[in-house]
Amino acid sequence: MEGETEGGWGGGAESVLNLVPGSSVPIRYHSLFGAHDDFLLLEADEALLPDILHSRVTIRGQTDEEAVLCTPSATYAMKFVGTSNSVFLIPPGEPIPPCMKDTCNDSKSNTSAVHEVVPSVIKVASGNMELVLVAPRLDKLKFLLNERPYKLDEDVETDFQHNRSLYRWQDLLEQIQASEQELRDGLKALSAAEIDGFWRIIDEKTMDEILNMVLNNSILHGWRLNALKEDEVVSILEADGYPRNITLHCLATFGNMVGSSGCSLWSLDEKKVCLHFALQALGGGKMKLEIFLQKWRHRVPSGMHADLKMLEGEVLYEKLGFETWIRAFRVSALPSTPAERFAALFRERPRWNWKDLEPYIRDLHVPGLSSEGLLIKYTRRSQPRADVEPIFSAR
Amino acid sequence: MQIRVKCNCGDGKCPEWAIVELQGVVESQLATSDQINGLEIGHLCCPSLSSSSSQPSYTFTVGYHELSGTKVQLKKPLLVLKKKAATQSTDITATGKETFIIRQPSKDQILDSEVTTIWESIKRRRKKGVEAFGRKITSS
């Protein structure tokens, strides 16, 4: 490798660093001075040093993406900052004298040579990399996992396409610019399941089918929806041909485990279940609010109460004449980066009031930017009179 | 793709580099065919501490120019990273596109694409020594 002997560069940095008052030291170009494009200066917060120095840090990105540096739990964009100054880099160390090790130790003349290393510049740096904390880039995850959602009958269908568009954990780490913790959180947010070693999103129809099986069976067997016995549910559905792990995943998506002595109990989450049926009712497009409410209340399981508040960030209303119409508009279907999110929102509707807008931006997290900051950066706020609500539109 | 950043220095024992920063550019008066490797740039001096200043001042003499500056503590540490070619002797592909090895800690598993570089963090420069000087200077 260029110039790095076992002993070091022979750069003599120590003499510079330890320069005491009343002394001086010459500085020269190293015998191996050059462009050394393989050297990079990276500016890092003290807080990041432990992760970096213990090799817990990975750079991720494809050749067409801006590289990010990931610790186990955070993601940093890498930005090159140039300088017009001349930044001389002087490496440490003394060169190993070019002789056999044994004779070197004995020879007096060599020890004196070792102490007289002239500080030598190996490279003039044109700038350094800076790290900027950023949100993980998880939109791609959604895209990849939706390439091939899991369907109940899939093994039969696509034998010859075995493993195409299927991603294991390691594959996702290769493709997604996020830390491991953030990737795990992203998978959870998508209700993804690891099936046969591959991370999958389960398709809507399958989830609906299984949920309805659970609900129908609970009526048949008199199960309480807030105390479903895991073993019982899984076995009954398995007898009907539904794989255990998929049933479990459905319970985890629409419910919460309620722990107690030994037996695993699940409680269906009213909001999640009602939301599911609402979106189903709206599957055909927009409809009059009264009609929707009727349909919706008809579909939700008895004992559950459907409330419009559950649909914040999932539906939009518009007044056509005297009637209010409702349609699906899900925040989870929108881009997660702020600039693109606001662009999508303003494409949908050029003007928003705060009450309607808030549910669609409350999940945006930009390090260093509050929600007010986001509004200032990406929207134009107008308020014609003090007694009228402010309106937000595109910048 | 992923590039592991490794540090083999041992805990906090990264060797320190020195940085001398000058405003402007240093040019040598050698003919372009001559190498500047080994050429002396100048002398860095630390005059005696005067009682009035708390910070020692430095001078960097290049040719007939004497520049003055100070030692500055950097706000954030700078790390020196070195791209490391794979120890398998696979070459960089002709298109100049680089692909990377992932070293699994437990097994040295090389993935199917040709790997050419690993970034390796080898040294840490503690932010002690940055001297800043003004003016364009030439070294003789």
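Trainee: How many salt bridges are there between chain B and chain A?

Mentor: The count is 2 salt bridges between these chains. Keep in mind that this is a predicted model. One of the bridges joins A:Asp38 to B:Lys82, with 3.8 Å between the closest N and O atoms.

Trainee: Which element gives the most to the side of chain B that touches chain A?

Mentor: That's E4(B), with 7 residues. As for composition, that side of chain B has 32 nonpolar, 9 polar and 13 charged residues.

Trainee: What does E4(B) pair with in chain A?

Mentor: Strand E1 of chain A, residues 23-29, in the antiparallel sense and over 6 bridges. Within that pairing, A:Pro26 has B:His43 as its bridge partner.

Trainee: What's the area buried between the two chains?

Mentor: About 5,400 Å², and carbon and sulfur atoms give 60% of that. In residue terms, 54 from chain B are in contact with 59 from chain A.

Trainee: Changing topic: is A:Thr247 buried or exposed?

Mentor: A:Thr247 counts as buried because its relative accessibility is 0%, and the cut-off for buried is under 20%.

Trainee: Where does A:Thr247 lie, and what does this residue touch?

Mentor: A:Thr247 is in helix H11 of chain A, which covers residues 244-254. Leaving out residues up to four places away in sequence, A:Thr247 touches A:Ile210, A:Val233, A:Val234, A:Leu237 and A:Tyr242.

Key: Residues numbered from 1 in each chain as written. Chains lettered and ligands numbered in written order. Predicted model: local features only at pLDDT ≥ 70, side-chain atom pairs only at ≥ 80, totals over all residues. Heavy atoms only, no water. Helix = DSSP H or I, 4+ residues; strand = E, 2+ residues; numbered from the N terminus. Buried < 20%, exposed > 50% of the residue type's maximum accessible area, 1.4 Å probe, protein only. Contact = heavy atoms within 4.5 Å. Buried area = accessible area lost by both parts, 1.4 Å probe. Salt bridge = Lys/Arg side-chain N within 4 Å of Asp/Glu carboxyl O. Nonpolar A, V, L, I, M, F, W, Y, C, P; charged D, E, K, R; others polar. Pairing = 2+ DSSP bridges.
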